[in-house]
Amino acid sequence: MQPPGPQLPPPLYAPSNGDFTFVSSAEAEDLSGSIASPDVKLNLGGGGGGGGEFMKDSTATTFLRQRGYGWLLEVEDDDPEDNKPLLEELDIDLKDIYYKIRCVLMPMPSLGFNRQVVRDNPDFWGPLAVVLFFSMISLYGQFKVVSWIITIWIFGSLTIFLLARVLGGEVAYGQVLGVIGYSLLPLIVIAPVLLVVGSFEVVSTLIKLFGVFWAAYSAASLLVGEEFKTKKPLLIYPIFLLYIYFLSLYTGV
């Protein structure tokens, strides 16, 4: 008989059911057993028919994807660009338009306005609003005047632009269009005055001349720069004639 081997001391901690027990390699030869799978139930819906509805949805999704209609199930994320305010979407800056209106109505350099912003930062909606407003007050029951004023604004600005480029000026058509449109504001200002003093021919004529000179000066001081040198009258004169024609459309002369 072989003498008994050394006996191991009893474990200080008796593992309970479900705990792991570490054994030596000699004892591992006598170990055998099986691990029972846990009883897990997955509830995919709230209520008795939730699982069935999920299976139906899954089957319909698979069917659509197999037939090439998976794009119907795609959900697009909200684009922050689509949630912009309407004015920002149309690129309308009311503060900028208001500042440009003040620059045109008060063209004196001593007032301290940065008038070059009307030329250097042109916009479309401000001049269009001024031209449309001038057209509305020029109606007198003749709706043809509106189309004429808009036409003269577009093609008159094109004429000034071409003449300025021929004379060596560095100006864009959008800048001319904006300046000519904004500079109609003096004619809008004198319009209610002409309604009051219309019966006084001399006073009415003086106010008309004042309005035309005011509008022409506002536009010419922005468009006619130092690059024209001795050629300034060649550009100032057609601008002056353009506003005379605008005034004739208003008064019906």
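Are K100 and D123 buried or exposed? Both residues are buried, where buried means under 20% relative accessible area, exposed means over 50%, and partly exposed lies in between (1.4 Å probe, protein chains only).

The model is predicted, so local features need pLDDT of at least 70 and side-chain atom pairs count only at pLDDT 80 or more, while totals for chains, interfaces and linings use all residues. Residues are numbered from 1 along each chain as its sequence is written, and side-chain values use heavy atoms, with hydrogens and water left out.

The protein has 11 helices and zero strands. Helices (H or I, at least four residues) and strands (E, at least two) are DSSP runs, numbered from the N terminus. From the N terminus on, the order of elements is α-α-α-α-α-α-α-α-α-α-α. Of the 253 residues, 32% count as buried. The protein exposes about 18000 Å². Carbon and sulfur atoms supply 63% of that area. Accessible areas come from the Shrake-Rupley method with a 1.4 Å probe, and for residues only the protein chains shown count as cover. Contacts were also sorted by sequence separation, a contact being heavy atoms within 4.5 Å. Among contacts between residues at least 6 apart in sequence, 66% join residues at least 24 apart.

Charged pairs come next. Side chains of opposite charge can pair when their charged atoms come close. A salt bridge is a side-chain nitrogen of Lys or Arg within 4 Å of a carboxyl oxygen of Asp or Glu. By this rule the count is two salt bridges. In one, the side chains of K100 and D96 meet at 3.0 Å, N to O. Both of these residues lie in helix α4, four residues apart, about one turn of the helix. K100 and D96 are both buried. K100 also forms a salt bridge with D123, and here the closest N and O atoms are 2.8 Å apart. K100 lies in helix α4 and D123 in the loop between α5 (116–120) and α6 (125–137), so this pair ties together parts that are 23 residues apart in sequence.

Two packed helices are described by the angle between their axes and the distance between the axes. On the α4 side, I101, V104 and L105 take part, and they meet L185, P186 and V189 in α9.

Helix α8 (residues 173–182) is mostly covered, with eight of its 10 residues buried. The buried residues are Q175, V176, L177, G178, V179, I180, G181 and Y182. S183 is found in the loop between α8 and α9. This serine counts as buried because its relative accessibility is 0%. Leaving aside residues up to four places away in sequence, S183 touches V104, A215, S218, A219 and Y243.

Helix α10 (residues 201–223) holds V202. At 62% relative accessibility, V202 counts as exposed. S204 counts as buried, at 7% relative accessibility. With residues up to four places away in sequence not counted, S204 touches L194 and V197.

Two pairs link separated parts of the sequence. G225 lies in the loop between α10 and α11 (232–251). At 16% relative accessibility, G225 counts as buried. G225 and E170 are 55 residues apart in sequence, yet 9.1 Å apart in space, C-alpha to C-alpha. A164 is found in helix α7 (residues 144–166). A164 is buried, with a relative accessible area of 2%. A164 and K231 are 67 residues apart in sequence and 9.7 Å apart in space, C-alpha to C-alpha.
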